[in-house]
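Please read them alongside the sequence and the coordinates.

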Amino acid sequence: MTSRKVDFLRELGTIGVGHATIALSDMLQGKLLRLEVPDVRILRFGELAEFIGGLDQTVAGVFIQISGDVSGYMAFILPVECAAVLVKLLVGNGRSGEVFDALGRSAIEELGNIMITSYLNALSALTGLVMKPSIPGLAIDMAGAVWQSILAGALVDDEVTLIRTEFSAEGVAIDGNIILLPAEDEFKKIARVLGLEEM
Amino acid sequence: MREVFVNMGQIHGMAGDGILTTVGLGSCVGVALYDSSAQVGVMGHIFLPQSRPHSAKVELPGKFADTAIPALIEEAVRLGAQKRRLWAKLAGGANLFANLAGPNGNIGMQNIQAVLAHLKLHDIPVVGQDVAGHHGRKMRFYVDTGRVTVTAIGKDPIDI
């Protein structure tokens with residue numbers, strides 16, 4: 001992959017995640033503080049386990065399939081403690097007991113859904129290409145199992161391109177990852193629409 | 001005791017004393033093959049049911065059920081096992097995301113079916129399994145005894 005392509009993907013990630021975090025910030029009444037520059041990674045399949053790290057740590061993952069002019073997959077994955085912070089910020093007032101009860105699960109699923117949808121809307125507006133999100137799915141489970149199920153759902157081949165962004169909220173580092181996993185040809189479709197030569 | 005981690009698409013084996021572990025099985029299927037007389041165990045962490053026809057050379061045979069089962073058997077035999085004495089234990093093949101099920105069912109179920117079909121093809125009996133459902137699993141295979149334990153978040157560990 002050329003450095004131009006990486007720059008292009010990073011730019012896509014910046015635009016998408018910019019919108020996703022604005023949506024999140026609105027939901028949290030402006031409590032969002034910081035957003036990192038997206039990290040574009042092209043990984044060999046065998047490098048994924050190391051990249052994911054802490055395979056048996058518990059994470060929350062929201063997963064969506066994209067259809068329309070561009071097809072692909074998106075996920076929002078964060079450590080369960082960070083998900084708990086967000087749930088408390090969203091629906092915590094006066095609640096006690098289990099954080100991830102039906103309301104807590106639904107809050108985190110909806111939060112992931114809104115972030116992913118905002119990301120896609122930004123890319124759609126930029127390109128004029130339809131990118132339609134499926135209904136979201138949520139899993140709170142071992143990181144290895146969540147990542148692995150997402151990667152298998154996306155039928156990743158020997159090489160995986162990930163656009164990942166981290167952010168923090170309310171002074172608490174939320175190591176939230178927003179990941180876009182399009183098929184190789186789908187990047188080209190977006191690049192073509194934007195008038196960029198073949199990458 | 002020596003513990004070796006088997007990541008997605010990998011195959012590892014050992015003879016004698018040691019533990020083979022896969023962490024974070026979601027839709028993947030962990031497969032343990034064992035020859036108790038030789039005290040040889042091999043483990044795979046299978047990602048998808050079927051290798052792609054266009055890929056002439058599969059980089060990681062352990063990634064796909066159709067290429068992983070022969071590769072696991074080959075590795076067990078290389079370490080001193082006899083094919084006719086091998087048995088299998090399986091864990092994983094879950095469906096974590098309910099929205100992922102396609103027309104052919106979910107990938108976890110497809111992985112389980114493919115693994116069972118390829119084991120049958122090689123006349124390897126399945127003596128224990130903890131598969132399907134909606135949760136992730138960790139699988140540990142004690143090669144000295146053939147014991148396999150499966151753990152999941154919020155559940156007691158089980159022996160399969």
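**Notes on the interface and on chain A**

1. Across the interface of chain A and chain B, seven residue pairs are in polar contact, with both residues at pLDDT 80 or more. A polar contact is a pair of N or O atoms within 3.5 Å; within protein, one must be able to donate a hydrogen and the other to accept it, and residues adjacent in sequence count only if both atoms are side-chain atoms.

2. The elements of chain A that give two or more residues to the side touching chain B are α2 (48–52), β3 (58–68), β6 (137–142) and α5 (143–153). Of these, α5(A) gives the most, with nine residues. Helices (H or I, at least four residues) and strands (E, at least two) are DSSP runs, numbered from the N terminus.

3. By class, this side of chain A has 19 nonpolar, nine polar and five charged residues. Ala, Val, Leu, Ile, Met, Phe, Trp, Tyr, Cys and Pro count as nonpolar, Asp, Glu, Lys and Arg as charged, and the others, Gly among them, as polar.

4. The model is predicted: local features need pLDDT of at least 70 and side-chain atom pairs count only at pLDDT 80 or more, whereas totals for chains, interfaces and linings use all residues. Residues are numbered from 1 along each chain as its sequence is written, chains are lettered from A and ligands numbered from 1 in the order in which they are written, and side-chain values use heavy atoms, with hydrogens and water left out.

5. One salt bridge is counted between chain A and chain B. In a salt bridge, the side chains of K138(B) and D56(A) meet at 3.4 Å, N to O. The term requires a side-chain nitrogen of Lys or Arg within 4 Å of a carboxyl oxygen of Asp or Glu.

6. The two chains, A and B, bury about 2,500 Å² between them, 64% of it on carbon and sulfur atoms. F45(A), M142(A) and Q148(A) supply 26% of the area that chain A buries against chain B, more than any other three residues. Buried area is the accessible area (1.4 Å probe) that two parts lose on being put together, summed over both.

7. Within chain A, S118(A) lies in helix α4 (residues 102–127). S118(A) is buried, at a relative accessible area of 14%; buried means under 20%, exposed over 50% and partly exposed in between (1.4 Å probe, protein chains only). Beyond its neighbours within four places in sequence, S118(A) is in contact (heavy atoms within 4.5 Å) with H19(A), A20(A) and A23(A).
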